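Subject: Structure handover

Hello,

Here is the structure I said I would pass on. My notes follow below it.

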Amino acid sequence: MIVALVLLGQVMELKARGRTGAALRELLGLAPKTARKLTCCGSEFDVPLAEVEVGDRLRVRPGEKIPVDGRVEEGTSRVDESMLTGEPMPAEKGPGDAVAGGTVNGSGSLVIGAEKVGADTLLAGIVRMVAEAQRSRAPVQRLADQVAAWFVPAVVACAVAAFALWIGFGPEPGIAHALVAAVSVLIIACPCALGLATPMSIMVAAGRGAGMGVLFRNAEAIEQLREIDTVVFDKTGTLTEGKPALTALQTAAGVSEGDLLRVAAALEQGSEHPIAAAILAEARARNIAPPAAEDFEAVAGMGVRGAVGGRSAALGNAALMAEGGIDIESLQGAADAMRQSGQTAVFCAAEGKALGVIGISDPVKPSSRDAVRQLHAAGLRLVMLTGDSRATAENVARDLGIDEVIAEVLPAGKAAHVKRLQSEGAKVAMAGDGINDAPALAAADIGIAMGTGTDVAMESAAITLVKGDLRGIARARALSRATMANIKQNLAFAFGYNALGIPVAVARSTRSSA
């Protein structure tokens, strides 16, 4: 009976560990075994994944898994990234877009340049973090260990006492009854359930989190996240996309949006300024091919000038327009409205006449609104902590419904503000993506990094949202609460059946002797 019970316990433990390790096996199975490599002469052949190096050009055919992290060089397709984001809708990918190893290409053929291979890929990092989280110990496990340190000697003492009682006062054969009673106490009080109560739940939670695009660095993060009552967000790259986009156009009378964009894009060709990138991206999206600009001149702090199609042209702020004697009075109302909504207003003119004004801003992530609504529904206080101007920060906060704004903060000051909130009694989670957020992420009770951000931010955080989707915070908090509830249920059951079973084991020989 003893052997059977011990073996049954081991079988149950192995089955539980096998189920919780399934998440890791599924993640490891996402990577393909080979990649199709392109040579400089145009031929292509399959090579083992281990032989792919950074800089290699790889072809990914329709329906194939992308072998490594890289960037699309040729082709367009829709890529299923559900293993990273949990979102079922494929993402559009074209030249310049980043792709991750293990995701599945759709119906188009892609040529990608390998940027990260082997252990450096996003998938390998996910597997590594999940494995570390599953091996780590939650603080609640220390309580179980402390109880077990007293529980095991107490059980042995109970077994010895039962043996002595049955030897001294039990019926004949005393040694048989005493032995049965002592062994019964030891069997019923076997602390297997106590030892498994916490690690099994933690392992399952880490695996489930990875499937939802949430990576826990350790078990402590899983336990502490449920206690958070304040979430602090960085703005740029966390709540917003982190890169400027053209968000508004207002043309002068008699000017089309196409003409305005054509002149603006022509002047900005070759520039690496974020505003230039936003204008050129919009021109490409509208299939506008800008002509080459001549006599190009950059005016520091004001904008650019040149000749487009034989006409003098200028693009920049109001000061540049005033210097050129260009009347922008009819566009000032639109420009003021853009500024009030947190956009940068850029004027464009040709041949001494205003063509229009362009609004450039950092757009809010589509997922941010849902995330804020879910966190508010959970009763959390939401704070924006950013180095951007107060006007821009308050506009974004008003748009999203964030409770409090702390703006124009230097990087070193972010950690100080987090500590101030903690000194007021708040349990703070900080979400950020940049190097400047790392001190605040480390100072917070729980640091939450965007997987789309910098490596130093992810190293400073306890939780990583793989695709930077803030809705993962609400999912992770719900998972944390469910995990801790399950651990408490497990511990209660472990102690409960022992409390009931030990007296029964001590007295069981009474019936035998009768």
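Which residue stands opposite Arg78 in β6? It is Glu92. Please keep in mind that this is a predicted model, so everything in these notes is computed from predicted coordinates.

Overall picture

The chain has 514 residues, and 46% of them count as buried. Its secondary structure comes to 19 helices and 22 strands. The accessible surface of the chain is about 24200 Å², with 58% of that belonging to carbon and sulfur atoms. Taking contacts between residues at least 6 apart in sequence, 63% join residues at least 24 apart.

Around β5

Strand β5 covers residues 77-80. Ser77 and Val79 make up its covered face, while Arg78 and Asp80 are on the uncovered one. β5 has an antiparallel pairing with strand β6 (residues 91-93), over three bridges; the Arg78 and Glu92 pair from the opening question belongs here. β5 also pairs in the antiparallel sense with strand β8 (residues 104-105), over two bridges. On that side, Val79 has Asn105 of β8 as its bridge partner.

Strands of a sheet pair through backbone hydrogen bonds, in either a parallel or an antiparallel way.

Leu315 has Cys348, in β16, as its bridge partner. Cys348 counts as buried because its relative accessibility is 0%.

Nonpolar cores

In soluble globular proteins, nonpolar side chains tend to be buried together. The largest nonpolar core here has 42 residues. The members that touch the most others are Phe216, Phe233, Ile402, Ile448, Ile463, Leu470 and Ile473. Helix α19 (residues 471-513) gives the most to this core, with seven residues. Leaving out residues up to four places away in sequence, Ile473 touches Val231, Phe233, Leu375, Ala431, Ile448 and Leu465. There is also a second, separate core of 27 residues, which includes Leu280, Val304, Val308 and Leu355.

Two further items

How many disulfides does a search of the whole structure find? The count is zero. Cys40 is in no disulfide, and the nearest cysteine sulfur, that of Cys41, is 5.3 Å away; the cut-off for a disulfide is 2.5 Å. Cys40 has a relative accessible area of 88% and is therefore exposed.

The other item is Arg208, which lies in helix α7 (residues 192-211). Is Arg208 buried or exposed? With a relative accessible area of 54%, Arg208 is exposed, the threshold for that being over 50%. The C-alpha atoms of Arg208 and Leu479 are 8.3 Å apart, although 271 residues separate the two along the chain.

Regards

Conventions
Residues numbered from 1 in each chain as written. Predicted model: local features only at pLDDT ≥ 70, side-chain atom pairs only at ≥ 80, totals over all residues. Heavy atoms only, no water. Buried < 20%, exposed > 50% of the residue type's maximum accessible area, 1.4 Å probe, protein only. Helix = DSSP H or I, 4+ residues; strand = E, 2+ residues; numbered from the N terminus. Pairing = 2+ DSSP bridges. Core = buried A, V, L, I, M, F, W, Y, C linked by side-chain atoms within 4.5 Å. Contact = heavy atoms within 4.5 Å. Areas by Shrake-Rupley, 256 points an atom, 1.4 Å probe, with all protein chains shown as cover.
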